[in-house]
Amino acid sequence: MELYLNGLEQKNKGKAVMLVYEGEAEKYNLKKSIANIKEDRNLKDIILSPFILWSKKRYYNELGKSDYKENTLKVKNQLQDLLSDEFKVYLSYIYDTTYVEEALIQIVNDGYRDVIICPVILSDGQNLSILKSRIEKMKLFKLNITVKYTESLWDSETIENSYEELISQHIDDDNPGNTGIVLVGEGQRGYRKNKYLKGLKEDSMFRNRIKTKLAESYHLNENKIKTGWFNYIEPNYMDSINTILEYNLGKVLIIYTKPSVTNIENIIITQKIRSRPDIPEGVKVLIIDGFLKDSKFINELKNRIEFTNFQKWE
């Protein structure tokens with residue numbers, strides 16, 4: 001991607017906020033999918049790219065059209081409404097248009113010199129590392145552009161409460177013990193080399209706090225609340241489902257506790273569960289969308305942006 005800065009003569013005294021999501025195209029896009037695999041630079045994924053591309057196309061065939069961009073735009077607009085006129089919010093994606101580089105070019109051309117990057121990322125893992133690396137490569141400091149980041153979201157009690165509320169809507173008040181819950185974490189590819197071990201610990205602590213809240217608030221047996229990983233790490237969430245099905249349950253709730261979870265990731269979970277022939281008859285399995293767009297979550301983003309802005313600009 002070749003991008004050029006222009007319009008540096010205009011200056012804006014306000015602050016630009018760049019809200020960053022992973023990104024997901026509305027429909028299957030072969031060219032974009034190939035570009036993302038190349039950008040990721042993982043040898044295994046490059047070797048397996050034909051299978052990865054075929055799988056993604058199959059998921060889109062079931063999904064039809066993703067409403068991911070529409071949902072992220074709603075978050076962006078509500079965040080803009082909450083913030084003062086000092087801030088202008090831009091929406092960008094790591095793996096889709098508008099890419100973070102494109103959004104930053106627009107921000108600079110609109111005259112902003114102070115930029116707050118607000119990643120909708122739970123822990124200090126792979127996606128945050130990729131994001132920061134790509135922004136650093138732009139060398140914006142040479143143009144006297146100051147960039148600051150809000151912190152990752154894993155330590156937010158507000159976001160824990162958002163997930164507790166999402167889950168509680170599906171717990172039977174009259175018989176809460178009839179429900180099992182699986183909290184799915186993202187997983188990090190480079191954890192064996194300690195590259196993203198910090199992110200794994202943060203993700204685990206985040207889900208364990210949700211687990212404790214659910215157990216205390218709804219008098220649930222903690223053995224009926226399991227945690228598992230979406231990819232790369234054991235136990236996989238499917239292993240956690242196997243374990244929880246050993247209990248005499250009528251309902252199993254599964255939620256990917258990732259505030260930016262994509263439609264495709266939810267479809268992957270759905271298809272894997274649907275392919276299981278051994279789910280006991282009479283057990284209802286429900287996948288809850290973990291994408292956050294409630295007022296508590298958006299207010300948390302606002303508070304983090306304002307806190308970052310209060311810190312000294314260098």
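Predicted model: local features only at pLDDT ≥ 70, side-chain atom pairs only at ≥ 80, totals over all residues.
Residues are numbered from 1 along each chain as its sequence is written, and side-chain values use heavy atoms, with hydrogens and water left out. Local features need pLDDT of at least 70 and side-chain atom pairs count only at pLDDT 80 or more, while totals for chains, interfaces and linings use all residues.

Helices (H or I, at least four residues) and strands (E, at least two) are DSSP runs, numbered from the N terminus. An open sheet of 4 strands shows parallel pairing in the order β2-β1-β3-β4; two strands pair if DSSP finds at least two bridges between them. The edges are formed by β2 (87-93) and β4 (146-149), each with a single partner strand, so one side of each lacks a neighbour in the sheet. From one strand to the next the twist averages 25°. Strand β3 (residues 114-119) runs parallel to β4 and is joined to β4 by 4 bridges. Ile117 has Tyr149 in β4 as its bridge partner.

Helix α4 packs on this sheet and touches β1 (15-21) and β2, with its direction at about 165° to that of β2. Contact means heavy atoms within 4.5 Å. Angles run from 0 to 180 degrees between N-to-C directions, and axes are lines fitted to C-alpha atoms, for helices over the stretch in contact.

The axes of α4 (residues 68-82) and α11 (residues 295-310) come within 10 Å and cross at roughly 55°. α4 is therefore oblique to α11 (under 35 degrees counts as roughly parallel, over 145 as roughly antiparallel, 65 to 115 as roughly perpendicular and the rest as oblique). Val75, Gln78, Leu79 and Leu82 of α4 meet Phe297, Ile298, Asn299, Leu301, Lys302 and Ile305 of α11.
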